[in-house]
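Keep the 3D view open while you read.

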Amino acid sequence: MKNARLGDLEVSRIGLGAMTMAGTYTSEGVLDNAESIRTIHRALDLGVTHIDTAEIYGPFLSEEIVGQAVKGRRDQVRIATKFGLVSHSGGGPGVIDSSPANVRTAVEGSLRRLGTDHIDLYYQHRVDPNVPIEETAGAVADLIREGKVLHFGLSEASPETIRRAHTVQPLSALQTEYSLWTRDVEAEILPLLRELGIGFVPYSPLGHGLLTGQIRSVDDFADDDWRKTNPRFTGENFTRNLAIVDTVKEIGAEIGASPAQTALAWILTRGDDIAPIPGTRRVSRVEENTAADGIGLTADQLERLGDLEPAAGERHDEANMASIDR
Ligand SMILES: NC(=O)c1ccc[n+]([C@@H]2O[C@H](COP(=O)([O-])OP(=O)(O)OC[C@H]3O[C@@H](n4cnc5c(N)ncnc54)[C@H](OP(=O)(O)O)[C@@H]3O)[C@@H](O)[C@H]2O)c1
């Protein structure tokens, strides 16, 4: 597996997202922690050295699973996790809080659940409109001085926030949605990251599963599936977005690749400072996704993928869009 550079942090260029191991797209009842742990082990065996989780996934369950899985293999992997979507001063899960006091409380819980004395990459999950980013960056800088955190990242931050944070504590990575159907970051964010020497971690690189070609109807989603209220998966938008998947499928078929592999192979052509984290909780899928490392696309195929129609619908529902720093 080739590596990508996120600032001065080196990771496998395909990572593993551990969010669905704790639900989000599935009801808790169907979760299988043993299979999730096997998935992480298989990823490590295949050369994946970058696992992405967060305090809010579950909450806490995803970090616990990652912690169990890396026991005895901690030095083989870089663990990225996130704070700021659980308020420990009474607000609870889902409440944005990046106050220095909350960051200090959050890190202790994450270290404990992950069974480690350091977090390789610690992200603010969402920008907190009530706390100046300089204060949050200062709190992370303290954790870096103490050795509890090695690298700092932001998620879904605006160009202005990125610049301000980077002045206080240099950032190694920005994590934001990026895939064949979500290319907003190309206009302003990616050029800025390159100017500042910050790496980029595309989340939901498989379009929350749509780009895998396995989803043809939203009727199969569980009632509490997050995608049920996502504008891209509803009504007319969903039907239009299926046409994107059909092209991805067609191009994949030309080279014997699955749609998921084709979507990932495209992202890998975007730069060696980009490290996508496809999410799965199943061994067979981590094998399929990781194999995208060895898949090449021709100039003609890249052009056809580049010419895909933009996705129909906003990438999040209104409430989720409101929490994004723009
Ligand atoms: N910073 C943020 O705000 C943020 C937001 C969202 C996600 N993330 C991170 O990004 C990671 C990935 O994002 P994501 O999970 O939202 O979306 P994704 O990677 O685009 O897609 C994941 C979905 O696709 C399915 N899948 C994966 N590989 C597949 C394959 N080869 N064939 C068929 N289906 C496949 C998964 O199902 P199974 O899991 O059931 O296999 C899951 O439902 C997350 O784990 C998380 O770490 C970060």
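Which residue has its charged end over the ring of Y25? That's R227, and its charged end sits 4.4 Å from the ring centre. Keep in mind that this is a predicted model. R227 also lies over the face of F233, at 6.0 Å from the ring centre.

Now for the ligand. It is surrounded by 32 residues, and Y25 is among the closest, along with T20, D52, L206 and T280. Sort that shell by type and you get ten nonpolar, 14 polar and eight charged residues. Helix α9 (residues 283–290) supplies the largest share, three residues.

| Residue | Part of the residue | Ligand atom | Distance |
|---|---|---|---|
| G17 | polar backbone atom | oxygen | 3.5 Å |
| A18 | backbone N or O atom | oxygen | 3.3 Å |
| Q175 | polar side-chain atom | nitrogen | 3.0 Å |

Taken alone, the ligand would expose 910 Å², and the protein buries 95% of that.

Next, the aromatic rings. The count comes to seven aromatic pairs. Take Y178 and F200: their ring centres are 5.7 Å apart and their planes meet at 65 degrees, so this pair is edge-to-face. Y178 lies in the loop between β10 (173–177) and α6 (189–196), while F200 is in strand β11 (residues 199–203), so the pair ties together parts 22 residues apart in sequence. Y178 is buried at 0% relative accessible area, and F200 is buried too, at 1%.

F233 and F238 pair up with centres 6.2 Å apart and planes at 25 degrees, so they count as stacked. Together with W181 and F221, they form one aromatic cluster.

Definitions and conventions:
Residues numbered from 1 in each chain as written. Predicted model: local features only at pLDDT ≥ 70, side-chain atom pairs only at ≥ 80, totals over all residues. Heavy atoms only, no water. Near = heavy atom within 4 Å. Polar contact = N/O pair within 3.5 Å; in protein donor to acceptor, adjacent residues only side chain to side chain. Areas by Shrake-Rupley, 256 points an atom, 1.4 Å probe, with all protein chains shown as cover. Helix = DSSP H or I, 4+ residues; strand = E, 2+ residues; numbered from the N terminus. Nonpolar A, V, L, I, M, F, W, Y, C, P; charged D, E, K, R; others polar. Phe/Tyr/Trp six-rings, centres within 6.5 Å; stacked < 30°, edge-to-face > 60°. Buried < 20%, exposed > 50% of the residue type's maximum accessible area, 1.4 Å probe, protein only. Lys NZ or Arg CZ within 6 Å of the ring centre and 35° of its normal.
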